[in-house]
Amino acid sequence: MPELPEVEALKDFLTEHLVGHEIVRVLPVAISVLKTYDPPLSALEGHEVAAVRRYGKFLDVATADGPHFVTHLARAGWLHWKDRLPDGPPRPGKGPLALRVALETGSGFDLTEAGTQKRLAVYVVGDPQEVPGVARLGPDPLADDFDEQRFAELLAGERRQLKGALRDQSLIAGVGNAYSDEILHAARMSPFKLAASLTAEETHRLYAALRDTLTEAVERSRGVAAGRLKAEKKSGLRVHGRTGEPCPVCGDTVREVSFSDSSLQYCPTCQTGGKPLADRRMSRLLK
């Protein structure tokens, strides 16, 4: 799933390629992708793109004097830029293509989604805050006003485990499964540690890991073409998706805990005092 760093890079890429150009056609291929119907997709046509913004994991293409095109790529969605779009309208079928946006230059982008879950979402709205997922977002962890005190206040009284708290978009916007693993590894903390139990020193360490991990990932992704962002993300991960490989910090074997629809990776030596976590849905430290 694209997370804050990849969506930030897509925002920068689209700012360079879309702003100042006119949207001439928006062609839906999979109707399931559309989450709003008024205004219709056609309301975007004939409007110039004024800005591209990011809200957590949401991308907002804002038109001048027109509606906003807001999308969430979900777990299996992606954006593919085309310097020259194919001639003729796309044909509905069983392929991954969900929607196409064409500019007056003949260039544009496709939104695709692999798999069968179909969670890719597109909204056409007068204001991004009309999108429920945007409206409920917590603060952006890379915002200038997101300081350590604000972070500590968010975690105070938070009875959930750190892994779940970091992934909650209403608490902190933009962090998903992969970067929560990376942040906790950098902070040397168990994913199952209760957020409310952190000491002042641990809160400081986690805040620094959060900011540093995301900032470094954004810098790695900056300037990378949209089509290469997935590979760039994977190459920069230390523990997530690396089960069975040696930890790059201590050399211990990276372990995994599997759940019904996801998994987490961690290093026992760096994060859990050398104790492996039980690989079952309601995992706890092995006694």
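**Ground rules.** I'm working from a predicted model, where local features need pLDDT of at least 70, side-chain atom pairs count only at pLDDT 80 or more, and totals for chains, interfaces and linings use all residues. Numbering runs from 1 along each chain as its sequence is written, and side-chain values use heavy atoms, with hydrogens and water left out.

**Helix α1.** Helices here are DSSP runs of H or I, at least four residues, and strands are runs of E, at least two, numbered from the N terminus.

Next I looked up burial, where buried means under 20% relative accessible area, exposed over 50%, and partly exposed in between (1.4 Å probe, protein chains only). I get 11 of the 15 residues of α1 as buried, so the helix is largely enclosed by the rest of the structure. The buried set includes the charged residues Glu6, Glu8 and Lys11, along with Leu10, Phe13 and Leu14. After the helix comes Gly20, with a positive phi near 90°.

**α1 against α6.** How do these two helices pack? I find an angle of about 40° and axes 8 Å apart, α6 being residues 200-221. The axes are lines fitted to C-alpha atoms over the stretch in contact, and angles run from 0 to 180 degrees between N-to-C directions. Leu4, Pro5, Glu6, Glu8 and Ala9 of α1 make the contact with Leu214, Ala217, Val218 and Ser221 of α6. Contact means heavy atoms within 4.5 Å.

**Lys57.** I then went to the loop between β2 (49-55) and β3 (58-63), where Lys57 sits. Lys57 is buried yet has no salt bridge, and the nearest side chain of opposite charge, Glu3, is 5.5 Å away. For charges, Lys and Arg count as positive, Asp and Glu as negative, while His and the chain ends are not counted. A salt bridge needs a side-chain nitrogen of Lys or Arg within 4 Å of a carboxyl oxygen of Asp or Glu. Leaving aside neighbours within four places in sequence, I see Lys57 in contact with residues including Met1, Val7, His72 and Gln169.

I noted a cis peptide bond from Asp38 to Pro39, omega near 5°; Pro39 lies in the loop between β1 (23-28) and β2. Asp65 has a positive phi near 60° without being a glycine, and sits between β3 and β4 (68-72). At 81% relative accessibility, Asp65 is exposed. Lys118 also isn't a glycine, and its phi is positive at about 55°. I place Lys118 in the loop between β7 (108-113) and β8 (121-125), partly exposed at 35%.

**Salt bridges.** How many are there in the whole structure? I looked at Glu158 with Arg160, where the closest N and O atoms are 2.6 Å apart; Glu158 is buried at 13%, and Arg160 is partly exposed at 32%. Asp145 and Arg150 meet at 3.7 Å, N to O. Glu232 pairs with Arg220, with closest N and O atoms 3.7 Å apart. That pair links α7 (residues 229-236) to α6, 12 residues apart in the chain. Last, I picked out a salt-bridge network joining Glu8, Lys11, Asp12, Arg54, Asp140, Glu219 and Arg222.
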